[in-house]
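Please keep the structure in view while reading.

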Amino acid sequence: MKVSVIIPYHNEKSYIQDCLESLADQTFQDFEAIVVCDHCEEEAVEFLRGISVPFPIRILDMTDKTGVAAARNMGIRASQGEFLLFLDSDDYLIKEALEDMVERCPGQDVVYGRRRRTWYGRKVYYENGQKLDEQNSQPETDEGEEYEDRGMPEVRESDSEWIKVFCHMVRSNFTFSGLTALGILIRREFILEKDFFFDEDYKYFTDLPYVVRIMCATEKMIEIRKVLYLKRKHNDPIHLPSLSQISDEKTKLTEAMRAYVSIKEIVKGQEELAEIAIDGKFIKYYVRKIAPYYLTAEEQDAQEVYRQSLKCLPLISKNSGKRAMFYSRRLMKYSQSHGPEKIAKKVRRHSARQMFCRLITSKAACKKYLYRKVFSKMKIEENLVIFESFFGRNYSDSPKYIFEYLNKHYPGKYKCVWILNRKEKLPYSATRIKRFTLRYFYYMSKAKYFVFNGRQPKYFIKREGTVFLETWHGTPLKKLVFDMEDVTSASPLYKRDVYIQTRSWDYLVAPNQFCSDTFRRCFMYDGNMLETGYPRNDILHLEEKEKQELTAEIKKELGIPSGKKVILYAPTWRDDEFYGSGQYKFTLKLDLAKMQKELGEEYVVLLRTHYFIVDSLDLTAFEGFAYNASKYDDIARLYLVSDILITDYSSVFFDYANLKRPMLFFTYDLDKYRGVLRGFYINVEEELPGPMLFTTEEIIDNIRNLDKLEAEYKEKYDVFYEKYCGWEDGTSSQKVVETVFEK
């Protein structure tokens with residue numbers, strides 16, 4: 001056996017399959033896998049045993065000890081391969097990783113392959129992940145520290161291979177705490193001869209002294225300047241935190257410093273390069289993690305960390321100290337003769353100076369500072385209500401109908417403020433503010449009530465006594481937040497951010513039982529669920545005469561000839577179609593020219609794209625037939641004028657079903673959307689109350705045969721209506737207002 005791959009496993013069911021599949025796909029197959037189960041749940045072990053693999057695999061059960069170090073040591077002792085490779089169960093290898101390493105292993109004790117960090121699983125990574133990682137790339141460590149490449153000597157062509165490899169290993173990890181044994185092929189006899197086992201007293205940083213000990217014990221090493229190992233970062237730190245995402249600061253800091261003392265002992269008598277490189281990393285770690293810890297730590301914990309730091313600071317070499325930045329040098333010197341309380345004051349003063357510099361150079365920082373430190377201390381206005389729809393884009397959705405109901409039934413009782421980024425005509429008196437202006441921060445701190453249909457800013461302060469009503473904006477077809485495995489369209493820490501934001505919600509509106517159950521789970525929400533239906537759909541349940549009058553008014557507003565029937569095409573955005581961060585695109589697959597030729601005498605088409613899609617559609621060639629309604633504020637009004645809906649994976653059909661009008665589903669990329677992107681909550685083949693179509697010709701044929709279509713789908717439509725629209729009867733706004741405002 002050439003290679004033994006050692007994999008510690010601790011219930012990471014959502015990751016282990018990718019890990020093992022990456023081994024199954026290796027171009028080199030002379031290896032075994034040793035998976036060490038660290039106090040795993042029975043379900044997680046059964047899941048692991050159920051994964052079929054074409055290579056030898058041994059599953060070991062570790063019950064007497066715990067931790068990554070103990071699991072790896074158990075794997076070392078059980079291994080039979082000539083070389084060992086440590087692989088975490090949440091990571092995976094590229095296909096040629098083992099082959100590339102084994103080709104270079106003759107005569108070497110260590111073969112080092114480069115690593116790349118990614119937020120995504122294998123399938124998504126190979127489809128879009130590399131591009132997405134580059135888009136989201138930030139010079140950060142797992143702990144979120146800024147990267148500063150200072151204090152690291154340059155490598156010269158004349159330097160030995162040992163220096164080159166060591167230098168890259170240190171340089172490629174932005175901080176001292178980032179050194180890892182992962183993705184390194186190590187000769188097994190070399191490990192056993194030197195008795196190189198992981199120190200099991202460490203929980204977080206066992207790799208630090210281990211890697212340095214190996215690097216300093218041999219010069220028989222080589223680096224492959226190619227990414228072979230994909231280190232997967234966890235985008236769900238709530239359910240599945242990585243070690244670096246666990247909040248255990250005191251233990252982490254003391255462990256890291258204990259590792260530093262050990263490393264300094266190991267490198268004694270070695271190249272000065274090693275001392276400088278490690279010291280430089282430790283200086284950054286001290287300045288950015290250890291010293292700031294004293295600002296918030298309990299006195300006993302601060303003293304424990306401080307005592308450990310006194311063992312470390314004298315070990316920093318003079319050369320490394322000289323290379324450090326001015327503040328770092330001053331802070332380290334000060335820390336050796338002053339206690340935690342005084343160090344905290346020095347750090348606080350330094351932070352205040354930095355903050356002052358930001359405030360005088362950045363208007364945005366200044367406004368946020370006033371919001372936190374001044375406005376949020378002011379008295380709350382008891383009857384002040386702030387409304388926001390789609391992040392201030394327009395006057396629409398459920399906040400609009402709640403606003404109108406409040407003003408109609410409680411005139412003058414509430415002072416209303418609308419967050420609107422452009423001028424809008426409102427039917428009732430309200431203060432208009434633009435997002436992120438000074439007035440915005442002022443009112444956000446003063447309001448008693450907040451009525452939003454999307455998430456609030458991450459820095460939002462939920463003051464005691466305020467009420468946050470979250471209406472959300474649709475019945476989800478595509479999986480949301482904690483029901484998603486990979487997040488390709490948002491910030492990689494989207495799940496963490498949403499979890500923090502939903503803690504501020506006092507009420508969440510659900511349009512049906514499916515949503516009520518789903519929202520509880522996908523938002524991890526345990527607050528008040530308003531099972532009332534969506535206020536935005538009240539307009540769809542008007543009396544018939546009022547509905548006809550409003551339809552004629554909207555058609556006139558849009559410029560649609562009164563004698564024409566209306567087809568509404570409302571496609572969703574695709575998670576993998578984007579130009580850059582937050583910039584999405586959409587390619588129109590519907591053949592408008594063919595539709596105009598076949599249906600233009602009787603119908604017109606309204607196009608309504610998702611607000612994420614920034615493209616403006618050019619419909620000049622279809623004047624009088626196709627209308628771009630993408631910027632029309634209220635889609636519910638578009639539903640009213642439409643005789644047929646064409647959509648795909650947008651949640652619009654759940655709302656449109658309130659009208660019981662025909663719906664067609666243009667699902668030309670169904671397999672890709674369901675398999676590669678986010679997946680669906682429902683079985684679309686069984687539940688959709690209309691046909692799934694893949695070409696424009698099929699759409700035209702179904703529109704010509706609507707009577708047949710309606711008869712064919714009547715039974716399925718009735719079931720769908722009862723499940724997703726049964727709560728909505730035109731009184732949702734009333735129910736919400738009476739619960740939230742008049743409770």
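## A buried serine

In this predicted model, Ser389 has a relative accessibility of 0%, and because buried means under 20%, this residue counts as buried. Ser389 is found in the loop that runs between strand 9 and helix 16.

What surrounds Ser389? Leaving aside residues up to four places away in sequence, Ser389 touches Asn394, Ser396, Asp397, Pro399, Trp418 and Asn453. With one of these, Ser396, there is also a polar contact, in which the side chains of Ser389 and Ser396 are joined at 2.9 Å.

## Two residues with positive phi

Phe391 lies in the loop between strand 9, which covers residues 381–388, and helix 16, which covers residues 397–409. Although Phe391 is not a glycine, its phi is positive, at about 60°. The relative accessibility of Phe391 is 24%, so this residue counts as partly exposed.

His39 also is not a glycine and has a positive phi, here of about 50°. This residue sits in the loop between strand 2 (31–38) and helix 2 (42–49), and because its relative accessibility is 38%, His39 counts as partly exposed.

## The buried residues of helix 17

Which residues of helix 17 are buried? In this helix, made of residues 438–446, the buried residues are Tyr440, Phe441, Tyr443, Met444, Ser445 and Lys446. The elements that cover them include helix 15 (363–373) and strand 9, together with strand 10 (415–419), strand 11 (431–433) and strand 12 (447–452).

## Helix 8 against helix 9

Two packed helices are described by the angle between their axes and by the distance between those axes. For helix 8 (residues 207–216) and helix 9 (residues 249–266), the angle is about 10° and the axes are 9 Å apart. Since angles under 35 degrees count as roughly parallel, helix 8 and helix 9 are therefore roughly parallel to each other.

On the side of helix 8, the contact is made by Leu208, Pro209, Val212, Arg213 and Cys216, while helix 9 contributes Ala259, Ser262, Ile263 and Ile266.

Notes:
Residues are numbered from 1 along each chain as its sequence is written. This is a predicted model: local features need pLDDT of at least 70, side-chain atom pairs count only at pLDDT 80 or more; totals for chains, interfaces and linings use all residues. Side-chain values use heavy atoms; hydrogens and water are left out. Axes are lines fitted to C-alpha atoms, for helices over the stretch in contact, and angles run from 0 to 180 degrees between N-to-C directions. Helices (H or I, at least four residues) and strands (E, at least two) are DSSP runs, numbered from the N terminus. Angles under 35 degrees count as roughly parallel, over 145 as roughly antiparallel, 65 to 115 as roughly perpendicular and the rest as oblique. Contact means heavy atoms within 4.5 Å. Buried means under 20% relative accessible area, exposed over 50%, partly exposed in between (1.4 Å probe, protein chains only). A polar contact is a pair of N or O atoms within 3.5 Å; within protein, one must be able to donate a hydrogen and the other to accept it, and residues adjacent in sequence count only if both atoms are side-chain atoms.
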